[in-house]
Amino acid sequence: MATVEKSVEVNVPLRKAYDQWTQFESFSQFMEGVKEVRQLDDTHLHWRAEVGGKEVEWDAEITEQEPDKVIAWRNTSGKQNDGMVHFEPMGPTQTRIDVQIDYDPQGLVETIGDKLGFTANRLEGDLERFKKFIEQQPAPTGAYRGEVHGGPEPATGHNGDLGDTSMADEMNRGGNQPPPMPSA
């Protein structure tokens, strides 16, 4: 299993950043390779993306969501893609967004790409594009303020043992609107 962590500071208030992040169907506007995200209900999403030149699809479940604080998810089909987004106010008009993604590179191409930092670079680019996207929006394109707590813990192995990662420990594992990113 591989883990990538990246952060970005956006020049918008916490609530605006969080509310926009809950609008998963807009992810294709700033996430490289994401073709479509369909929100099936409050805690389930269907993703379609291009990864390594191939189109892939998977489902994800939000396992923890606390408005203005955290969104965590795990995949329920396809390759492992679990993670967490943590939001922290940096003053009245700035927010820090920390993202952690756990994934399982498979095959030679994905393993080499992971070693070369392709997934980390993609996540960093996605966060920079989100920054530009949200800073140009007069208001979020929508908002979901519901909470999800105590979602089913992912099984170890394929669907998401977060291991000893600091952000996971800090946030006590959670999720409700799955965010990003297909592994590169």
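**Contacts, salt bridges and core**

Tutor: E55 counts as partly exposed, because its relative accessibility is 47% (buried is under 20% relative accessible area, exposed over 50%, partly exposed in between; 1.4 Å probe, protein chains only). This is a predicted model, in which local features need pLDDT of at least 70 and side-chain atom pairs count only at pLDDT 80 or more, while totals for chains, interfaces and linings use all residues. Residues are numbered from 1 along each chain as its sequence is written, and side-chain values use heavy atoms, with hydrogens and water left out.

Student: Which strand is E55 in?

Tutor: E55 is in strand β4, residues 54-66 (helices, H or I, of at least four residues and strands, E, of at least two are DSSP runs, numbered from the N terminus).

Student: What is E55 in contact with, leaving aside its neighbours within four places?

Tutor: K35, R48, A49 and E50, where contact means heavy atoms within 4.5 Å. With R48 there is a side chain to side chain polar contact of E55 at 3.4 Å (a pair of N or O atoms within 3.5 Å; within protein, one must be able to donate a hydrogen and the other to accept it, and residues adjacent in sequence count only if both atoms are side-chain atoms).

Student: What does E50 form with K35?

Tutor: A salt bridge, with the closest N and O atoms 3.8 Å apart; the term means a side-chain nitrogen of Lys or Arg within 4 Å of a carboxyl oxygen of Asp or Glu. E50 lies in strand β3 and K35 in strand β2, so the pair ties together parts 15 residues apart in sequence.

Student: How many salt bridges does the structure hold?

Tutor: 14. One of them joins the side chains of R145 and D19 at 2.6 Å, N to O. R145 is in the loop between α3 and α4 and D19 in helix α1, so this pair links parts 126 residues apart in sequence. R15, D19, D68 and R145 are linked in a network of salt bridges.

Student: Is D19 buried or exposed?

Tutor: Buried, because its relative accessible area is 6%.

Student: New topic. Which residues have the most contacts inside the largest nonpolar core?

Tutor: W21, W47 and I97, in a core of 36 residues (buried Ala, Val, Leu, Ile, Met, Phe, Trp, Tyr and Cys joined through side-chain atoms within 4.5 Å). Helix α3 gives the most to this core, with 6 residues.

Student: And how many residues of strand β7 are buried?

Tutor: 8 of its 9.
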